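Keep the structure in view as you go.

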Amino acid sequence: MFPAIEPQVLIAVGLAAGVTYSLRLGGLLLASRFPRSGRFRRGMDALPGALLFSLVLPSIVAEGVWGLMAAALTAIVVLRTRNTLAAMLCGMLVIFAVRKMGL
Amino acid sequence: MIRGARANVPVAASAMAYGSVLGVLAAQKGLNWLDMMYMNSAVFAGAAQFVMVDMWSNHMPIFEMTLAVLVINLRYLLIGASLDPLFSGRGLLHKMGMMHLVADENWAVTMSEQRNGSATTWFLFGGGVFLYLAWSSGTLIGLLGGGFITRPEEYALDFAFTAVFTALAVGLWRGKSDILPWVVAGAAALLAHKFLPGKWYIVAGGLAGAVSAMLSPCETDEVEEVEDVPSY
């Protein structure tokens, strides 16, 4: 059976989509007006790493000591093996085991 | 483009894992598969979709939802800006077509690849398409098979996101010049996470890190150590 989308869902999701796309494209289009060298460039170069680090750190800390352990293991595995998938699974395994044992 | 898709296999696996978590939550909120696919296709942003599903109700809080999505996705302004060098010389239509399928995952993989100097906009886009397929199947598996996994957090599926981005962050580490911005970013993110609502901490941390790099002395400007970048 083919379900229908309610009008309010159509609007709500449509607005969310519009906002998200505008941010994506807006960032790109605005950036070409910025200087390409000097201090500003250095800030923009540091941005990706800083942004990703900010994205994960609070969730790692929220898991407590074991979250830090899981993150450390993930980092070590990715540095040693360069395998992101293996690193992710190792990190998840720590959290899985800890929750299973109720630590 | 194929190369981009292949490079995104690990992140796509993780997207599928936490996509299934989203699907389970969505099933509990009464979303049907069409709602889900509409949201996957139109919004295509993990964290925002989690919050949207959380706010989902019989009377959609349209204004609050839009505002929440705006705040959570503010980081895309920065992500978009950081892609400017990759898109240099490309026309507006090319940019408009490529940017919709930019998510945290394929962006991060592309930034790593760019360290090797071999990233292109098609690499980014190939990753985006592949990610879209993985994300969609993950969410649908969770939505339709929700009965099987009633408590996804038991299997640490909710940690998949954190784990994969930790691995990607390690890949973006550029050496000594990153110590200051990362410490500042981390501190700002933790503070913002504690004191500000929602997802402000991502933008706060990222901006604080970038600003600290701008204000730091110039000595590390030219000699940037290129660390080993993980291959995917």
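Q: What average pLDDT does chain B have?
A: Begin with confidence, since this is a predicted model. Chain B averages a pLDDT of 86. Of its residues, 91% score at least 70.

Q: Which elements of chain B have the lowest and the highest mean pLDDT?
A: Helix α10 (residues 160–172) of chain B has the lowest, at 84. Helix α3 (residues 33–42) of chain B has the highest, at 96.

Q: Over which residues of chain B is the pLDDT below 50?
A: Residues 220–232 of chain B. Beyond near neighbours in sequence, this stretch has 24 contacts in the model. Where pLDDT is low, predicted coordinates should not be read in detail.

Q: How many residues does helix α2 of chain B have, and how far does it reach?
A: Compare the end-to-end span with the expected one. Helix α2 (residues 9–28) of chain B has 20 residues. From first C-alpha to last it reaches 29 Å, close to the 28 Å expected at 1.5 Å a residue.

Q: Why is α2(B) described as largely enclosed by the rest of the structure?
A: Count its buried residues, with buried meaning under 20% relative accessible area. In α2(B), 14 of the 20 residues are buried, so the helix is largely enclosed by the rest of the structure.

Q: Which residue just after α2(B) takes a positive phi?
A: B:G30, with a phi of about 85°. B:N58 is 28 residues from B:G30 in sequence, and their C-alphas are 9.4 Å apart. B:N58 sits in the loop between α4 (46–55) and α5 (62–72) of chain B.

Q: Is B:N58 buried or exposed?
A: Exposed, with a relative accessible area of 67%.

Q: How many residues of chain B are in contact with chain A?
A: Count residues, then look at area. On chain B, 94 residues are in contact with 69 residues of chain A. The area buried between the two chains is about 7200 Å². Carbon and sulfur atoms give 74% of that area. B:Y38, B:F159 and B:M214 supply 10% of the area that chain B buries against chain A, more than any other three residues.

Q: Where do A:R99 and A:E63 lie?
A: These two form a salt bridge, with their closest N and O atoms 2.9 Å apart. A:R99 is in helix α4 (residues 84–101) of chain A, and A:E63 is in the loop between α2 and α3 (65–81) of chain A. The pair links distant parts of the chain, 36 residues apart.

Q: Which parts does the pair of B:R3 and B:E113 tie together?
A: Their closest N and O atoms are 2.8 Å apart, in a salt bridge. B:R3 lies in helix α1 (residues 2–7) of chain B and B:E113 in helix α8 (residues 104–115) of chain B, so the pair ties together parts 110 residues apart in sequence. B:R3 is partly exposed at 42%, and B:E113 is buried at 14%.

Methods:
Residues are numbered from 1 along each chain as its sequence is written. Chains are lettered from A and ligands numbered from 1 in the order in which they are written. This is a predicted model: local features need pLDDT of at least 70, side-chain atom pairs count only at pLDDT 80 or more; totals for chains, interfaces and linings use all residues. Side-chain values use heavy atoms; hydrogens and water are left out. pLDDT is the predictor's confidence in each residue, from 0 to 100. Helices (H or I, at least four residues) and strands (E, at least two) are DSSP runs, numbered from the N terminus. Contact means heavy atoms within 4.5 Å. The expected span of a helix is 1.5 Å times one less than its number of residues. Buried means under 20% relative accessible area, exposed over 50%, partly exposed in between (1.4 Å probe, protein chains only). Buried area is the accessible area (1.4 Å probe) that two parts lose on being put together, summed over both. A salt bridge is a side-chain nitrogen of Lys or Arg within 4 Å of a carboxyl oxygen of Asp or Glu.
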